[in-house]
Amino acid sequence: MARFRTWVGIALAGALSVSLAGCSSTGGKRAEDARKAASAQGKAAVNTPRWTFAMITHSGDGDTFWDIVQSGAEQAAVKDNINFLYSHDDEAQQQAQLVDAAIDKRVDGIVVTLAKPDAMKSALARARKAGIPVITVNSGSEESKAFGALTHVGQDESIAGEAVGDELNQRGRKQALCVLHEQGNVGHEQRCDGVEKSFDGKVQRLYVNGTSMPDVQSAIEAKLQTDKSVDAVVTLGAPYADTAVKAKQGAGSEAEVDTFDLNAKVAAGLADGTLGFAVDQQPYLQGYEAVDQYNADVLGGGRPVLTGPEIVTKDDADALADYTKRGTR
């Protein structure tokens, strides 16, 4: 129980320092230089006990979004004298086994995603039984508290979807295609549900095989060829935005391509007008805040800590470019 009381919340100071660093290119550069210096020297900013935290996510291989989450977590770990372990698997049962492995290592804390919560419930129960505190991140805000997690860090997917619907309304769109690249991911369904809730037009869902970009491209292209009324394609992850653009071009479609999440390619697409807008949930903050535990604060008052959504457009692209190249946005 002592470990639960100590590792009980998220350090507000750490969250504020990252947020303020993103307010200007000068501040961001200084923060990045400081991070590199600390990492290179392997020095912590505190003299707290050397704890071990494990982060286990539902990421597949090569997903740039999770590189950003991991980068934020690693910076917090360096600062806070934390031994940080990262693992991932896009198969829910395998992810649960990775949680079990972390429990067997007797780690001091577990950070986990709940993209497919039913498959993770038993693993989190075992962590609680072992006295290991858990924080959920990115996905699973609705299940987090019921599963015994201390808090959740991420964006509310339904609210994010509603923000997309509102933006599509402002742009005068009438027919939106919501492209789901991971079947069974409750967060993805919530995003499309949110779009449907606020969008005045019609929303169609297209399920694609997200592990194969050629399959994704061909599926979107075929849909755009057969349904010329689609005037907006919404992808649910940054890596799929560029593929959707290629599909649009192949189909000879005039549809606008918009996306959830941000990376360097998305920032470039916003700048040149290839993409209309993106929804940034600030994954760097998700990783950083989830690990920054040493101060025994409770951020959010027991409610989910929202890191998004933020709608970014061409007007924001230049300011975001440096941050995406650094891997912090």
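The model is predicted: local features need pLDDT of at least 70 and side-chain atom pairs count only at pLDDT 80 or more, while totals for chains, interfaces and linings use all residues. Residues are numbered from 1 along each chain as its sequence is written, and side-chain values use heavy atoms, with hydrogens and water left out.

The structure holds 1 disulfide, a term for a pair of cysteine sulfur atoms within 2.5 Å. This disulfide joins C178 to C192, with an S to S distance of 2.1 Å. C178 belongs to strand β6 (residues 175-180) and C192 to helix α9 (residues 186-198), so the pair ties together parts that are 14 residues apart in sequence. Helices (H or I, at least four residues) and strands (E, at least two) are DSSP runs, numbered from the N terminus. The torsion about the S-S bond of C178 and C192 is about -85 degrees, so the disulfide is left-handed.

Helix α11 (residues 238-251) has 14 residues, which at 1.5 Å a residue should span 20 Å; its end C-alpha atoms are 21 Å apart, which agrees. The expected span is 1.5 Å times one less than the number of residues. Among the buried residues of α11 are A238, Y240, A244 and K248. What covers the buried residues of α11 includes α10 (213-226), β8 (232-235), β9 (256-260) and α12 (264-272). After α11 comes G252, whose phi is positive, near 65 degrees.

Two spaces were computed on a 1 Å grid over the protein atoms alone: a cavity is a set of points where a 1.4 Å probe fits but cannot get out, and a pocket is an open set with protein on both sides within 12 Å along at least five of seven lines; lining residues have an atom within 4 Å of a point.

| Space | Volume |
|---|---|
| Largest cavity | About 60 Å³ |
| Largest pocket | About 650 Å³ |

Of the 32 residues that line the largest pocket, G60, D63, H181, E182 and Y240 are the closest to its centre. α4 (64-79), α9 and α11 each supply at least two residues of the pocket lining. The largest cavity is lined by 13 residues, of which S139, G140, S141, E157 and Q190 lie nearest its centre.

Conventions: Buried < 20%, exposed > 50% of the residue type's maximum accessible area, 1.4 Å probe, protein only. Contact = heavy atoms within 4.5 Å. Points joined across faces, edges and corners; volume = space filled by probe spheres on them.
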